[in-house]
Amino acid sequence: MKHTITALSGALILAAGLAQAQQSIVVGHTLSPESHYGIGAEAFIAKVEELSGGTFTGDQAAAGQLGGERDMIEGLQIGSLDVVITSTGPLGNFVPEVYALDLPFLFRDYDHARTVLDGEIGQELLAKIDENQLVGLAWSENGFRHVTNSQRPVRTPADLDGLKLRTMENRVHMEAFSQMGAAPTPMAFPELFTALQQGVVDGQENPVTVITASKFWEVQGHVSLTGHVYSPAVILASPVLIDGLTDEQRGWFYEAAVASAEATRAEVNRLEDAGVAVMRENGMEVITEIDKAPFAELAQPAYAVYTDQYGPELVERIQAVE
Ligand code: EAX
């Protein structure tokens, strides 16, 4: 609450034309302060402070204290929040073209995803975001998602059969998991740990970064490295904040977002190497050898959720990027 009030008063000071007054920025996200998002939030704040000579300072509001990702995106649109680091999970509800990035088994590997997001397609999608009362500062990263659950090791789609699996509030993901045999249950991330703990759902799917940052081993015994979808993150700002800045100040925010994404990707890289051992040390059974082809084949109809409305062109362009 305190952060929200600070952000609002910051906006009022700017509206009064006192652009030089000190302004405190809040960077919201759903994960722990030590997570890849937390590291990205700190890098963002440090860069804005450095470039502005301390005119802008900042704090991270971690662990969903400002709400789930969908709530926070709404907060940006109305100007009650400043900056949010979020997965694309709920973003397709606001900017449908972004659903193209959430298609299962679309990106071949991290290089492919980062090349697409850092290139022309990434820029085009940031511009689409900007048409929807949001400002897309830069693409960041969540990571390739894997299935965890409390019931059994998952090696084939048959093992997903009937599993109550929490998904993000994302139509593409829900369709993919229905097709693969699970019973998808959409839910905001801040509710997830308790839902797993109480057995409201059996499992969930998230990258190694999120599984480790959230200590899901406390409530999930099994993880399978399905890598069924790449999960982009994006650093969003409120147009209410950005429109009140000078061109120079705006430039600082874009530069800080790039520094944030770099720091987050470095932590993703670190956990892609170290994460399996960390999960095993904490008692999870980790299935690393998965034949992805049968999962991919079953998930294929989820592509229609996007292509029926927007056509196959963007998907084909993404696939063609080397
Ligand atoms: O963005 O909701 C999710 O599962 C996301 O991966 C998480 O909030 C990090």
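Reader: What makes Tyr110, His112, Ala113, Arg114, Val116 and Leu117 of helix H4 count as buried?

Author: This is a predicted model, where local features need pLDDT of at least 70, side-chain atom pairs count only at pLDDT 80 or more, and totals for chains, interfaces and linings use all residues. Residues are numbered from 1 along each chain as its sequence is written, and side-chain values use heavy atoms, leaving out hydrogens and water. Buried means under 20% relative accessible area (exposed is over 50%, partly exposed in between; 1.4 Å probe, protein chains only), and those residues of H4 (110-118) are buried.

Reader: What covers the buried residues of H4?

Author: The cover includes helices H5 (120-130), H10 (247-281) and H13, plus strands S4 (135-149) and S8 (222-237).

Reader: Why are H12 and H13 called oblique to each other?

Author: Their angle is about 120°, with the axes 8 Å apart. Under 35 degrees is roughly parallel, over 145 roughly antiparallel, 65 to 115 roughly perpendicular, and the rest oblique, so H12 and H13 are oblique. Tyr303, Tyr306 and Thr307 of H12 meet Leu314, Val315 and Gln319 of H13, in contact by heavy atoms within 4.5 Å.

Key
Axes fitted to C-alpha atoms, helices over the stretch in contact; angles between N-to-C directions. Helix = DSSP H or I, 4+ residues; strand = E, 2+ residues; numbered from the N terminus.
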